[in-house]
Amino acid sequence: LGGFASAVGLAVVALLMAAESIHRLVAPQAIRFNEAIAVAFVGLAVNIASAFLLREEHPHEHGHGPHEHDHNLKAAYLHVIADALTSVAAIVALLFGRFFGWVFLDPAIGIAGSLLIARWALGLLKETSAILLDGSVGAETREAIRSAIESVPGCRVSDLHVWAVAPGHLAVILSVEAAPLRPPAELKALLAGIPRLSHVNIEIRQP
């Protein structure tokens, strides 16, 4: 939920950036270049430091940034990278505006940056919404659970729910019709070989 909310926040930031940039492109405004460049450099330094802190907190990600399955950290990392790229783009645009008079570059790069941030936000929204709607677990995992239970003669899975509860951990609730009735521990043992099942709740009833 935190990752989803952050993705929505990124999308709002992208929309505001685009709106402001388009406004400045249509109606150019005077820019205090020296102050703006100084602020952009300070922002860039802060975001670079933040990005390194996030990466060092998760040193096992093989160069892909923070944990790909931890959407809160991924959202934070995207926020930091988006801010850093915005600062770099702003510095380039402000320098060209300061020395060559190309004031249109500032809003133009703002529009390009908003499109990039919007793309990241959309990707994160898709990932997190799938988890919130219990759609992030592949069909192969569901089928493996069903097949394991129904390998016992007289057992049939009548209802099955699988969802992610944490990075690398799944919870399962299933209803099993069994004739004769089987002890829950026996059926849970059948699922021991399926990876990432951290919490299993089985209801057993007669057909």
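Predicted model: local features only at pLDDT ≥ 70, side-chain atom pairs only at ≥ 80, totals over all residues.

Modeller: Residues are numbered from 1 along each chain as its sequence is written, and side-chain values use heavy atoms, leaving out hydrogens and water.

Colleague: Why is the aromatic pair of Phe96 and Trp102 called stacked?

Modeller: Rings of Phe, Tyr and Trp (its six-membered ring) pair if their centres lie within 6.5 Å, and planes under 30 degrees apart count as stacked, over 60 as edge-to-face and the rest as tilted. Phe96 and Trp102 are 5.3 Å apart centre to centre with 20 degrees between the planes, and therefore count as stacked.

Colleague: What makes the pair of Phe100 and Trp102 tilted?

Modeller: The planes of Phe100 and Trp102 stand at 40 degrees, with 5.7 Å centre to centre, so the pair is tilted.

Colleague: Why is Phe100 called exposed?

Modeller: Buried means under 20% relative accessible area, exposed over 50%, and partly exposed in between (1.4 Å probe, protein chains only). Phe100 has 55% and is therefore exposed, whereas Trp102, at 39%, counts as partly exposed.

Colleague: What makes E1 and E3 edge strands?

Modeller: Two strands, which are DSSP runs (E, at least two residues) numbered from the N terminus, pair if DSSP finds at least two bridges between them. The open sheet has the order E1-E2-E3; E1 (155-166) and E3 (197-205) each have a single partner strand, so one side of each lacks a neighbour in the sheet.

Conventions: Helix = DSSP H or I, 4+ residues; strand = E, 2+ residues; numbered from the N terminus.
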